[in-house]
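Subject: The structure you were waiting for

Hi there,

Here is the structure for you to open next to your sequence. Have a look at it first, and then read on for my notes.

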Amino acid sequence: MKYQRMAPGIFLDRPNRFIAHVQMDGKEETVHVKNTGRCRELLLPGAQVMLQLSDNPNRKTAWDLISVKKEGLGWVNMDSQAPNRVVREYLESLPEITYVRPESRYGDSRMDFYFERLAGEGKEPEKDRKERAPGELRRCLMEVKGVTLEREGIAYFPDAPTERGVKHIRELQRALAQGYESYLAFVIQMEGIREVRPNDATHPAFGQALREAAEAGVKVLCLPCAVEKDSLWVKDVLPCRLFL
């Protein structure tokens, strides 16, 4: 995923979840923050940021804050819409995926993706391939979570309590009983991180729900990304460590 109409700036402050003040070309601009999470460890006064010019000339804020440079780590993509976009690109690039539909209703939730894949294809584990006839069509649901919180080289989710996230995990677990394959994908929006752990200190209920779902058969994946100041794409798929 490549961004267009980008420009650099210096972060000044964030008066609320939705806007920030940024210095651009020697003057202060009020910009839209495309991430309502806390991001306290990222948005520090003086941090380098990259902004995208909106294509809506009538908007009150002309710029969106897309990424921030974190000391010792590099660029971190903060765009909360980016994870779904790069996951869709990734799914549609896989030959075993025959159909992808975003924003799919299931139960009381709207899941990020419904997709169909041919069993026995791609990187499916050998034990799973043996259980299914080659060419069998599998119905799949996926929920996507973007990860921007890093501590000592390990990523954590969530950075704030998320009852909605717990609800989606429970829906994925229920879908298993109806014959779906269920996936929870953590998109790591920074370089050099290959592990995501549940942030039990911030939201223990999320970690508990995640572990229970994984034990029931929900596939929990980490998707490390290649991150540049104006681009983002999935470069790998790894299992997550949950039982810590």
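Let me begin with Leu12, which sits in strand 1 (residues 6-13). Please keep in mind throughout that this is a predicted model.

Asp64 has a relative accessibility of 6%, so it falls under the 20% limit and counts as buried. Which side chain does the side chain of Asp64 meet in a polar contact? The partner is the side chain of Arg59, at 2.8 Å. Apart from residues up to four places away in sequence, Asp64 touches His32, Lys34, Met50, Leu51, Gln52 and Arg59.

Strand 7 (residues 97-106) runs antiparallel to strand 8, and eight bridges join the two. Why can strand 8 be called largely enclosed by the rest of the structure? Strand 8 covers residues 109-118, and eight of its ten residues are buried, so the rest of the structure largely encloses it.

There is also an open sheet of three strands, in the order 10-11-13, with mixed pairing. Strand 10 (149-151) and strand 13 (196-198) are at the edges with a single partner strand each, so one side of each has no neighbour in the sheet. On average, neighbouring strands in this sheet are turned by 40° against each other, direction ignored.

As a reminder, strands of a sheet pair through backbone hydrogen bonds, in either a parallel or an antiparallel way. This sheet has both kinds of pairing. Strand 10 and strand 11 run antiparallel and are joined by three bridges, with Leu149 opposite Tyr156 in strand 11. Their hairpin has two residues between the strands, and Glu152 takes a positive phi near 50° there. Strand 11 (residues 154-157) pairs with strand 13 in the parallel sense, over three bridges. In that pairing Ala155 has Val196 as its bridge partner, and Phe157 has Pro198.

Which way do the residues of strand 11 point? Ile154 and Tyr156 point one way, while Ala155 and Phe157 point the other way, and all of them are buried. In a regular strand, side chains alternate between the two faces of the sheet.

Next, the interior. In soluble globular proteins, nonpolar side chains tend to be buried together. The largest nonpolar core of this model has 45 residues, and Leu51, Leu65, Val68, Met78, Leu141, Phe186 and Val196 are those with the most contacts inside it. A second, separate core of 26 residues includes Met1, Leu94, Val100 and Leu232. You have met some of these names above: Leu51 is one of the residues that Asp64 touches, and Val196 is the bridge partner of Ala155. As for Leu141, the residues it touches include Tyr106, Met111, Phe113, Tyr114, Leu172 and Tyr183, not counting residues up to four places away in sequence.

Finally, the cysteines, in case you were wondering. How many disulfides does a search of the whole structure find? The search finds zero. For Cys39, the closest cysteine sulfur is in Cys225, 16 Å away, which is too far for a bond because a disulfide needs the two sulfur atoms within 2.5 Å. Cys39 is buried, with a relative accessibility of 1%. Cys140 is buried as well, at 0% relative accessible area.

Happy to go through any of this with you.

Best wishes

Definitions and conventions:
Residues numbered from 1 in each chain as written. Predicted model: local features only at pLDDT ≥ 70, side-chain atom pairs only at ≥ 80, totals over all residues. Heavy atoms only, no water. Pairing = 2+ DSSP bridges. Helix = DSSP H or I, 4+ residues; strand = E, 2+ residues; numbered from the N terminus. Axes fitted to C-alpha atoms, helices over the stretch in contact; angles between N-to-C directions. Buried < 20%, exposed > 50% of the residue type's maximum accessible area, 1.4 Å probe, protein only. Polar contact = N/O pair within 3.5 Å; in protein donor to acceptor, adjacent residues only side chain to side chain. Contact = heavy atoms within 4.5 Å. Core = buried A, V, L, I, M, F, W, Y, C linked by side-chain atoms within 4.5 Å.
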